[in-house]
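Thanks for coming. I was asked to go through one model at this meeting. Please have the sequence and the structure open while I talk.

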Amino acid sequence: MAVIIGSDKVIGLTFWCCVLLAFTVIEVIGHVPASRMPSLGALVTRYFSHPIGRAFALVVWLYAGYHLFSH
Amino acid sequence: MDIGDRDASSPPGRTRRRGRPLGVGELIAVALLVTAAVVVAGFASGWKEYTWGARIGTFGSGLIVFGLGVAWQHRRERTSPSVQGPGAGPETGGGSFDRRGVAIWVGILVVAAAWDVCGLLTPPDKNHLTLSALELAYRPLHSLMFVYWLFAGWVLASTPLRRRRS
């Protein structure tokens with residue numbers, strides 16, 4: 001896919017940077033002792049602590065890596 | 001037996017289980033790992049797509065992070081036996097898991113997924129390019145995404161699995 005780099009991609013780039021920033025912020029808040037916001041580790045502990053669920057999450061993680069970085 | 005610490009800032013009746021604090025050596029190890037991840041992510045931004053170098057580099061990095069995460073989890077369990085048990089861990093909220101926090105996580109994921117689907121379903125549009133297309137175009141975003149991906153792998157590997165009660 002040919003991608004033309006230019007300033008007209010700013011909106012899309014800004015959106016994804018905001019998404020990454022949001023994840024970073026809530027992850028940091030999740031590590032604050034007084035906060036009730038769950039961190040990513042807490043979510044994994046709560047919802048992916050079963051071996052099958054964890055294996056599914058790992059497969060999704062591997063596919064994301066293949067799709068984004070080597071494909 | 002109370003296996004967790006009561007957080008002084010928590011409301012009465014709610015406990016937040018914690019693992020033991022990281023030692024100096026562990027903090028140094030974490031700092032080195034983060035630095036290595038950032039350096040590797042910088043190299044990853046230069047990998048050409050559809051090449052074996054990119055595949056080997058990506059999955060090799062993921063495998064290393066996964067192995068280190070599993071080793072870290074086993075080490076923490078050996079040195080902190082009081083936090084073993086279903087759902088136990090340094091970051092679990094115990095019985096007071098905040099569903100609003102979960103809703104925020106899910107909400108951001110849903111919004112991001114919807115935006116990406118717009119990029120898939122519409123002709124290539126400057127505002128709705130998919131994440132993969134944008135990160136191929138902007139190498140710093142590629143590096144940043146790589147670091148996030150490695151972090152997600154670390155969390156998946158280092159979080160203990162549920163144990164059956166005997």
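I will go through confidence, then each chain, then the contact between the chains, and end with two residues.

First, the ground rules. This is a predicted model, in which local features need pLDDT of at least 70, side-chain atom pairs count only at pLDDT 80 or more, and totals for chains, interfaces and linings use all residues. Residues are numbered from 1 along each chain as its sequence is written, while chains are lettered from A and ligands numbered from 1 in the order in which they are written.

Now confidence. The term pLDDT stands for the predictor's confidence in each residue, from 0 to 100. Chain A has a mean pLDDT of 85, with 87% of its residues at 70 or more. Residues 1–5 of chain A have a pLDDT below 50, and beyond near neighbours in sequence that stretch has 5 contacts in the model. A contact here means that the C-beta atoms of two residues, placed from the backbone, lie within 7 Å.

For chain B the average pLDDT is 76, and 72% of the residues score at least 70. Two stretches of chain B fall below 50. Residues 1–17 of chain B are one of them, with 25 contacts beyond near neighbours in sequence. Residues 83–95 of chain B are also below 50, and there the model has 41 such contacts. Among the elements of chain B, helix α4 (residues 131–137) has the lowest mean pLDDT, 80, and helix α5 (residues 139–158) the highest, 91. The model as a whole scores ipTM 0.86 and pTM 0.78.

Next, what the chains are built from. Helices (H or I, at least four residues) and strands (E, at least two) are DSSP runs, numbered from the N terminus. Chain A has 3 helices and 0 strands. Chain B has 5 helices and 0 strands.

How much of each chain is buried? In chain A, buried residues make up 24% of the 71 residues. In chain B, 26% of the 166 residues count as buried. Buried means that 20 or more other C-beta atoms lie within 10 Å of the residue's own; exposed means 12 or fewer, and partly exposed is in between, with C-beta atoms placed from the backbone. Of the contacts in chain B between residues at least 6 apart in sequence, 65% join residues at least 24 apart.

Let us look at one helix, α1 of chain A. The 21 residues of α1(A) should span 30 Å at 1.5 Å a residue, and its end C-alpha atoms are 30 Å apart, which agrees. That expected span is 1.5 Å times one less than the number of residues.

Which residues of α1(A) are buried? They are Gly12(A), Trp16(A) and Gly30(A). Seen down the axis of α1(A), these buried residues fall within an arc of 50 degrees, so they line one face of the helix. The arc is that of the directions from the helix axis to the C-beta atoms. Those buried residues pack against α2 of chain A, together with α4 and α5 of chain B. Turned away from the buried side of α1(A) is a face with exposed residues, among them Val10(A), Leu21(A) and Val28(A).

That brings us to the contact between the chains. In total, 44 residues of chain A are in contact with 48 residues of chain B. On the chain A side, the elements giving two or more residues are α1 (10–30), α2 (40–47) and α3 (51–70). The largest share, 12 residues, comes from α3(A). That side of chain A divides into 28 nonpolar, 11 polar and 5 charged residues. Nonpolar here covers Ala, Val, Leu, Ile, Met, Phe, Trp, Tyr, Cys and Pro; charged covers Asp, Glu, Lys and Arg; the others, Gly among them, are polar.

Finally, two residues. Leu13(A) lies in helix α1 of chain A. Leu13(A) counts as partly exposed because it has 19 C-beta neighbours inside 10 Å. Leaving out residues up to four places away in sequence, Leu13(A) touches Leu134(B), Tyr138(B) and Leu141(B).

Val65(B) is found in helix α2 (residues 52–79) of chain B. Is Val65(B) buried or exposed? Val65(B) is buried, because 24 other C-beta atoms lie within 10 Å. Not counting residues up to four places away in sequence, Val65(B) touches Leu150(B), Gly153(B), Trp154(B) and Ala157(B). Val65(B) and Trp154(B) are 89 residues apart along the chain, and their C-alpha atoms are separated by 5.9 Å.
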